[in-house]
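Here is a friendly walk through some charge pairs, a helix packing and a surface patch. Please keep the structure open as you read.

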Amino acid sequence: MSTPIITVDRVTKSFTNPSGEQLPVLSEVCLELREGEIVALLGKSGSGKSTLLRIIAGLVKPSAGTARHGDTEITEPGASTAMVFQTFALLPWLTVWQNVELGLRAQGVPVAERAPRVTAAIDMIGLDGFENAYPKELSGGMRQRVGFARALVVQPEVLLMDEPFSALDVLTAENLRGELIRLWAQTAFPTKTVLMVTHNIEEAVQLADRILVLDNNPGRIKGEIKVGLEHPRDTRGRHFLNIVDQAYRLLTDGAFDGDRHAIAPTPTTRPLPDASVDGIGGMLDLVAAQGGCADIPELASGLRFEIDDIMPLVDAAGLLGLATTSGGEIELTLDGHNFAEADINKAKEIFARLARDKAPLVGAIDHALANAHNNQLRDGFFLDLLRRGFTEDAAQRQLRTAVDWGRYAELYEYDADERLLTRHPFES
């Protein structure tokens, strides 16, 4: 096999929280990118996909391990690597031409060389006629074309893409995916390897030669899928759909807790999925309507959900013991059937019992309030504890979810103005 263009060797990354403690994001990640392949990083929210991409781009330094371009360790952004972002990241005061030219200016390319290269990139990506337009004049699809042109104008050996189609409507995204594959097939295309982050399973199978599935808490490679299909790919073909099912199986095996079932369940080791009670209940109703067992890819496809939409609901149902997952299928437990069929009061009783017993943060809040003066505590008490194991945003999300679950279960109330949690004394 050819020498890898990019090598990621046992990369671990932790961030420091406000208390000075380390929050693990990636653990012992190893991968290689070789010439002539598109590789997709697929995983749920919190699996560290974007962090890994930024380490390879030289924008973030690993806490341990190394990322190398050829034999050179990556310690800063390199001239032979370019990145396409989800949010376009265009400078609004610059024209299309000027935005595309930015990378060449940053590399110190002489003025005389810039014009033909910018012209070629704009022509390649279908932006002719928009050279003097400003970003505010463009549709989302056209703005992302500018993002691609800006990346390709530097003729990168490695192209990194962070969910480049997720901010676009379905038809525009499909059009741009087709454009990318047509460019990739051209012998004049300068890029030798592509690494893309996505949460869209069908997109990964449509574009990539290999799919790396990341587990989370912390992120590490859970498995690899070799696609083995020629471009363009029939998204309705049997082989394509089989690979989609395989990816779902990899993502859902050990849904909410990975292979770390032996770890003592705490609010940190078993975080709450970002799922509302209404969302969980709605999904359980749909599964119940199919006899209590459903194929997750078909469920997601029928609802037009992405992986980040459906998996938190699946994970939450698994954490609470309302459902189990195996082989890409979700099946209701006895509690799940009872919850889906119960009236509102009975459903609340079931949810309260399961949330208190199986959701560590909900149980911790309930226990703390039971032992607090007047059964009341301010949310800052719990946020301070959560910040020891989560980033600020993640800690806030954990508490919001716990409040939503606890309120529904009538375990405790929350006063947002006073930021006060209260447990009713009569609750057992």
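In this predicted model, the side chains of aspartate 9 and arginine 10 form a salt bridge, with 3.2 Å from N to O. Aspartate 9 is partly exposed at 23% relative accessible area, and arginine 10 is partly exposed too, at 48%. A search of the whole structure gives 23 salt bridges. Three of them are set out here:

| Salt bridge | N to O distance |
|---|---|
| Aspartate 9 and arginine 10 | 3.2 Å |
| Arginine 34 and glutamate 32 | 2.7 Å |
| Glutamate 203 and arginine 177 | 2.5 Å |

Glutamate 203 sits in helix H6 (residues 201-207) and arginine 177 in helix H5 (residues 170-185), so their pairing ties together parts 26 residues apart in sequence. Glutamate 203 is buried, with 5% relative accessibility, and arginine 177 is buried as well, at 8%. Salt bridges with shared partners also link Asp9, Arg10 and Arg68 into one network.

Now to the helices. Helix H2 (residues 96-106) packs against helix H3 (residues 111-124) at an angle of about 120°, and their axes are 10 Å apart. H2 and H3 are therefore oblique to each other, and their crossing is right-handed.

Leucine 286 belongs to helix H8 (residues 277-289) and is partly exposed, at 35% relative accessibility.

How values were computed:
Residues are numbered from 1 along each chain as its sequence is written. This is a predicted model: local features need pLDDT of at least 70, side-chain atom pairs count only at pLDDT 80 or more; totals for chains, interfaces and linings use all residues. Side-chain values use heavy atoms; hydrogens and water are left out. Helices (H or I, at least four residues) and strands (E, at least two) are DSSP runs, numbered from the N terminus. Buried means under 20% relative accessible area, exposed over 50%, partly exposed in between (1.4 Å probe, protein chains only). Axes are lines fitted to C-alpha atoms, for helices over the stretch in contact, and angles run from 0 to 180 degrees between N-to-C directions. Angles under 35 degrees count as roughly parallel, over 145 as roughly antiparallel, 65 to 115 as roughly perpendicular and the rest as oblique. A crossing is left-handed if the near helix is turned anticlockwise from the far one by less than a right angle, and right-handed if clockwise. A salt bridge is a side-chain nitrogen of Lys or Arg within 4 Å of a carboxyl oxygen of Asp or Glu.
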